[in-house]
Every structure is written in C-alpha cells, then in structure tokens.
Amino acid sequence: MAQNTVGKTSVTLLGLGAMGTALARTWLAAGHPVTVWNRTPARSAPLAAEGAEVADGVAAAVAANTLVVVCLLDDASVEETLAGADLTGRDLVNLTTGTPAEARARAEWARGRGARYLDGGIMAVPPMVGVPEAGGYVFYSGSRELFERHRETLGVPLGTRYVGADAGFAALHDVALLSAMYGMFAGTAHAFALIRKEGIDPASLAPLLADWLTAMAPSVHRTADQLRSGDYTEGVVSDLAMQVAGTPTFLSTAEQQGVSPELLAPYFALMRRRLSEGSGEEGLTGVVDLLVR
C-alpha cells in the first residue's frame, strides 16, 4: 500500500551504508519522499524498489531537496563528497561520526558554502533504527532554529536530543558516552578473564555482572553533583584512602589467575596519585581532574 506523502518533508540522503540504508527505509516507510545517492550505485537498487529516487550524482541529489542528510564514513569523505555540490540554501544535517573540532570546522565550512548546518551523533546501531522501543536516539547540535524546523522529520527513524548551539556538542556527547561504554567493556573483559581458567560458567557470571553494573550506574549522578559543587567529599561512603588500600588485592588476584592487569593498572595509578596529593577523604571524582590537561 502506498504511503501518503502529503505534507511530509522530502529528504536527500547521501551515504547508504548499513546506517544510511536503515534511515532511508524508515523515512520511506513513514511516507517521506527520499532521494538517495551512494558512491557504489548498487546499494541504491533495493531502496529504489521501495520508492526512493536515485540521483545520478551528488549535485543532483543535493539539488533535489532542501533537507540534506549526510551519513558517510568520516569527515574527510563529507568534504570530498560535497566538494562540487551547490549547498546554497540547503539545510545540511551531518550524521557522520567525527570529533567535536571536525564538527565545528564543518559548520563554518557549511556556512561559507551558503548552507545551514546541524551536526548529529547517532547513539544506536542499524537494527535500532525505526524501532522506538529500542531506545536509540541522535544527539543534535548547532542551529536550534534548524533543529526545531526538522525535529519531526529527524525524529522518524530515531529519537532526538538537542544538546546545544555549539556544533561540536553532539560529537562530544557521542564520544563521552561511548568512552564510558568502552570503560565498562574493559572492566567486563577483565572480570571474565579472571574466571577463564576456572570451573565457572561465564553464563553464570553474566547476570551477576549485569546486575552489579546496573547497581553501580547511579553513582554517575554523585560524580556530576560533586563536580558541580567542587566538594568531592559530599556523600562519600568508600573514601579514596580505603579504596587505594584495597587495590593490591585486585592486582594480586590477577597475577594469581594469570591475567594481565593492563586494563586496571592505569586507573589504580591515578587513584594512588590523587591520594598522594592528600585527598584521601574524597571519593573517586578527583581522578577526573587528573585527566584534564
């Protein structure tokens, strides 16, 4: 059954990797006219069968619609792809993963080309696109007016979270959350390594790990409150001195189990350094200040 496209914003999408394809399919399913382009034309064929217009080049794709969404490999590919396109009057939404500095520079570049610019950081994997209950969303930063203009359309494939007028803030939020994720993965890897040679089923440890990490997650709110107030002793239950005193047990256990301490040792070193500065009554928040150069 054909979708009703009346009143639906038309979208141009550049880049049809797994994420770009998922975005395009979701917009098409919701009745939005979609024009697509991809460096490898064969990727466009399935979407053409679903109703997408396939542009014969970047310039034609950009000219087709005011809203132009870019989902490419990296920042360099964005510049290369759009080099010959007329961006005058276009609303450019860049969902390509990059750094905050790249996003800020790309915003200036876009303004210099006559375009309005919004940067995005996708907090989802392709199977989450178009599935609201999966909880995926996109951080957006840059022009608030531009975000509000296209909020409804941008919110079709994934939820939207506007994080500020600074174009670099979406990328910064994206990398901050993913950095925390990799820290969690590192701790999880160490935990599984400790039991690897023992008669313990990893599947029996997994729910214990998941429950423990869930229980510890709210501590991020205490860290945030302490950073805002500057009082790193507020609400502390296990102070830094006590925690540092316990670290040899973790390192000895790793050694006895034949497990490298390389995932834990750097953090423990920061804890000892903070303690040496006379901050034993604090919690762990002071480590944040040691990381900032």
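## Report on a predicted single-chain model

At 11% relative accessibility, Arg274 counts as buried (buried means under 20% relative accessible area, exposed over 50%, partly exposed in between, with a 1.4 Å probe and protein chains only). Arg274 is part of helix α11; helices (H or I, at least four residues) and strands (E, at least two) are DSSP runs, numbered from the N terminus. Leaving aside neighbours within four places in sequence, Arg274 is in contact (heavy atoms within 4.5 Å) with Tyr232, Leu240, Ser279, Glu282, Gly286, Asp289 and Leu290.

The model is predicted: local features need pLDDT of at least 70, and side-chain atom pairs count only at pLDDT 80 or more, while totals for chains, interfaces and linings use all residues. Residues are numbered from 1 along each chain as its sequence is written, and side-chain values use heavy atoms, with hydrogens and water left out.

### Overall

The protein chain has 293 residues, of which 39% count as buried. Its secondary structure comes to twelve helices and eight strands. The C-alpha atoms fill a box of roughly 65 × 45 × 30 Å along the principal axes. Among contacts with a separation of 6 or more, 61% are between residues 24 or more positions apart. One separation within the chain is that of Pro207 and Pro41: 166 residues apart in sequence, they have C-alpha atoms separated by 45 Å. Pro207 belongs to helix α8 and is partly exposed, with a relative accessible area of 42%.

### The sheet

Eight strands form an open sheet of mixed pairing, in the order β3-β2-β1-β4-β5-β6-β7-β8. Two strands pair if DSSP finds at least two bridges between them. β3 (53–54) and β8 (159–162) are the edge strands; each has a single partner strand, so one side of each is left without a neighbour in the sheet. α6 packs on the sheet and touches β1, β4, β5 (91–94), β6, β7 and β8, its direction making about 50° with that of β6. Angles run from 0 to 180 degrees between N-to-C directions, and axes are lines fitted to C-alpha atoms, for helices over the stretch in contact.

β7 pairs on one side with β6, antiparallel, through six bridges. Within this pairing, Met123 stands opposite Tyr137 and Asp119 opposite Ser141. β7 also pairs with β8, in the parallel sense over four bridges, with Val138 opposite Thr160.

How many residues of β7 are buried? Six of its six residues are buried. In a regular strand the side chains alternate between the two faces of the sheet. In β7, Tyr137, Phe139 and Ser141 lie on one side and Val138, Tyr140 and Gly142 on the other, and both faces are covered.

### Nonpolar cores

In soluble globular proteins, nonpolar side chains tend to be buried together. A nonpolar core is here a set of buried Ala, Val, Leu, Ile, Met, Phe, Trp, Tyr and Cys residues joined through side-chain atoms within 4.5 Å. The largest such core has 29 residues, and Leu13, Leu23, Val36, Val69, Val93, Leu95 and Tyr140 touch the most other members. Two or more residues come from each of β1 (11–14), α1 (18–29), β2 (34–37), β4, β6 (116–123), β7 (137–142) and α6 (144–154). α1 gives the most, with six residues. Apart from this core lies another, of 20 residues, among them Leu14, Trp37, Leu72 and Ala167.

Not counting residues up to four places away in sequence, Val36 touches Leu13, Leu16, Ala24, Ser44, Leu47, Ala52, Glu53, Val54 and Ala55.

### Asn65

Asn65 sits in the loop between α3 (58–64) and β4 (67–70), and at 10% relative accessibility it counts as buried. A polar contact of 2.8 Å joins its side chain to that of Thr12. A polar contact is a pair of N or O atoms within 3.5 Å; within protein, one must be able to donate a hydrogen and the other to accept it, and residues adjacent in sequence count only if both atoms are side-chain atoms. A polar atom of the Asn65 side chain also lies 3.4 Å from the backbone oxygen of Val11. Beyond four places in sequence, Asn65 touches Ser10, Val11, Thr12, Thr35 and Arg90.

### Helix pairs

| Helix pair | Axes within | Crossing angle |
|---|---|---|
| α7 (169–195) and α8 (202–216) | 11 Å | roughly 145° |
| α10 (240–256) and α11 (265–276) | 10 Å | roughly 145° |

The α7 and α8 crossing is right-handed, whereas that of α10 and α11 is left-handed. A crossing is left-handed if the near helix is turned anticlockwise from the far one by less than a right angle, and right-handed if clockwise. Met184, Thr188, Ala191, Phe192 and Ile195 of α7 meet Pro202, Leu205, Ala206, Leu209 and Leu213 of α8. In the other pair, Leu240, Ala241, Gln243, Val244, Thr247, Phe250 and Leu251 of α10 meet Phe268, Met271, Arg272, Arg274 and Leu275 of α11.
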